Amino acid sequence: MSYQEIYAKNNARAAERFELVCERIREAAGAPEVQAEYADYFQRTAEFLLLTVKVLRMQQEGALENRSMEDCEALNQELYADLLPGDHGYEKSYANPAYAVKKMGEALGGPLCFLYAECRALIAYAFEGRLADMTVLMELFVEIYTCFCRKEGTDADEIRGILYWHFHDYSELIVAQSIRESVDPKLDFFTGIVQHADLDDLTYLYRYGEYISENEIRTAQYLSGLSKEQIQTMADTFTEGYRIGFEVTNKDLSKKQTVSIHYAIGFERVVRKAIENFNKMGLSSVIFRDAVSSMGSRGHGKRGCYSVAANRQFDYDHRNDSAYYLDKAFVERKLEVLRDAYETYKDLAAVFAGPAVQEVFGEEPFVPVNRPEAAHYNEKQQKLKVYVTNESGQITNRYIKGEERSFTIIAYPLPAIGKDYEKIFAETVKLNTLDYMLYRNMQQRMIDVLDRARQVHICGKGSNQTDLYVSIFHLEQPGRQTAFENCVADVNIPVGEVFTSPVLKGTHGLLHVTGVYLNELYYKDLKLTFTDGMVTDYTCANFDDPAENKRYVRENVLMQHETLPMGEFAIGTNTTAYRMARDYQIAERLPILIAEKTGPHFAVGDTCYSHAEDTKVFNPDGKEIMAKDNERSVLRKKDASKAYFNCHTDITIPYDELDMITAIAADGSAVDVIRDGKFVVPGTEELNAPLE
């Protein structure tokens, strides 16, 4: 059964409603019967909705698969014109909350902007042939349009109420669909494109319904010029890292049947080979679309199948859109339907092995504009957001057990990285296949020093003000135990770090980076202060207003939490990656996956062993890794809601901002691991060569 057959029954049931709602939308597009200040909004929005109906008709007729490149580009431009930067696009779009409020007032401009942003999910539904889902969203538009047609005027509270009840009433369908998409290989819209499209004909890129830019086109063109052997090597690196991840953590891959693949459009040649490799392991591949609805939480990185954003400011402006319906009743309803959805698909969830993630990097660092007109969570909603995230994580882990799943993650550059794109791509491929034995041995020498420490002292130099003490787990049997994991290239590619879960008590001081790119957002002079391992103060210098800086960090680093623990302390050893970044002047464009290997890094949030703390893990030398818990995660034994934060954000100090890393033993004796930004443990000198 294909995805089309799965959707067919619901589509048939909704067919009559669909035709009726289309007729009403045509009336709105022709001559909306509303007050003058709202006429343009309803007319333009109705025209957009009818454009998605046109796409649906093409999908039903099979016409989306047989178009010229010119026709593909024209339709793609028409669908995404409202989001593209500039005066002819986003600046005068009703997707822009500042413009919507300016044109329609504060009371109604915001909710109508939210409605339009939500309606953009119709693009995805149309390309996938999901007529029933389109019907529901179009009926929401018509219901609100009808309110504006009344002569007595429109009440803002009524509009907000309609939006609220829509998401409350349809949360069951939306959540259930989301869970199924993440675990069911029968929903094969994306795997069908990857496996069966003619990848020499680049019109296939436009079959997804995502925004297609030069990045996707040039990526596909570049990969088409590589040999079959080169493509196979890239796929093998990706899938073998996944397999080894199960092996080194003593997890049984043979019990699993599915893997979810996350990738950027344009990489289909590699993904096709990866699917073949996973099939040989006994795993069917699942691919879903990056979130298109506020219930899927736009923002904070892309997952599933995705393209480069048409406009990152749009994503940022709408990152908190669920504020329009987020309250206690909605949260409890969502958690209820999440439990029901997992119960429905529990058999599929039980055999899900985890994600295989391919990231991309290279876009210019994005410094967002904070628009007061955009939706924002109030204090009560911030707490609810934290609560629902934590509870959702606990529910997910009951059905997809952390101690039984694994992952892998790798990254490649986009053409947006600049004129040296092809050279940087080739260097990244080399980076992803470095000699892990060489690194393993040098990293073990560092671990031998660090295991004798009770604290590690990290200091910045120059303009970097870092002065931080990290407490290290005490080993009772150092001959058989270790506090640090010797991380080579398996789940976390490329090679190059040793890491631990710090003891929170006694971990204190200032972490500072002069510039860093986290979750697709840029931070200038990011500062976090720790007391007993918990963040007690934070700021950055992105904005003139100190309050705005604190809000920016709280929303996007602390993820709405009042505080977070230091979940990881690590020393990155991949000086080759650091040299690549310096030679091509792309340090600020590296993803955290690579950047974390280019210096010491500290994660705020959960530990690296979240939900798998009781699984025995050993280093290559046979020693058992003991530092998997901290004082917060250990609370899982009594109350899991207090143990986990469902976030983990790495913050790296680059070598050129680093003075020293010193291991301090219980008797006060000290041994340098790094001094003046160079590795000084005997046997690690080779790591300094790329730094010269």
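Biologist: Let's start with Tyr523: why is Tyr523 called buried?
Modeller: Buried means under 20% relative accessible area, exposed means over 50%, and partly exposed is in between, using a 1.4 Å probe and protein chains only. Tyr523 comes out at 0%, so it counts as buried. Bear in mind that this is a predicted model: local features need pLDDT of at least 70, side-chain atom pairs count only at pLDDT 80 or more, and totals for chains, interfaces and linings use all residues. Residues are numbered from 1 along each chain as its sequence is written, and side-chain values use heavy atoms, with hydrogens and water left out.

Biologist: Where is Tyr523, and what does Tyr523 touch?
Modeller: Tyr523 sits in strand E12, residues 521-531. Strands (E, at least two residues) and helices (H or I, at least four) are DSSP runs, numbered from the N terminus. Contact means heavy atoms within 4.5 Å. Leaving out residues up to four places away in sequence, the contacts of Tyr523 include Thr514, Leu518, Asn542 and Tyr552.

Biologist: What makes Arg589 buried?
Modeller: Its relative accessibility is 14%, and buried means under 20%, so Arg589 counts as buried. Arg589 is in the loop between helix H20 (575-583) and helix H21 (592-595). Beyond its neighbours within four places in sequence, Arg589 is in contact with residues including Phe361, Glu363, Pro365 and Ile417.

Biologist: Which residues of H20 are buried, and what covers them?
Modeller: The buried ones are Thr575, Ala577, Tyr578, Met580 and Ala581. Their cover includes helix H17 (421-431), helix H18 (436-450), H21 and strand E20 (678-679).

Biologist: And Glu657: how do you know that Glu657 has no salt bridge?
Modeller: A salt bridge is a side-chain nitrogen of Lys or Arg within 4 Å of a carboxyl oxygen of Asp or Glu. For the buried Glu657, the nearest side chain of opposite charge, Lys461, is 10 Å away, so there's no salt bridge. Lys and Arg count as positive, Asp and Glu as negative; His and the chain ends are not counted. Glu657 is in the loop between strand E17 (648-652) and strand E18 (658-664).
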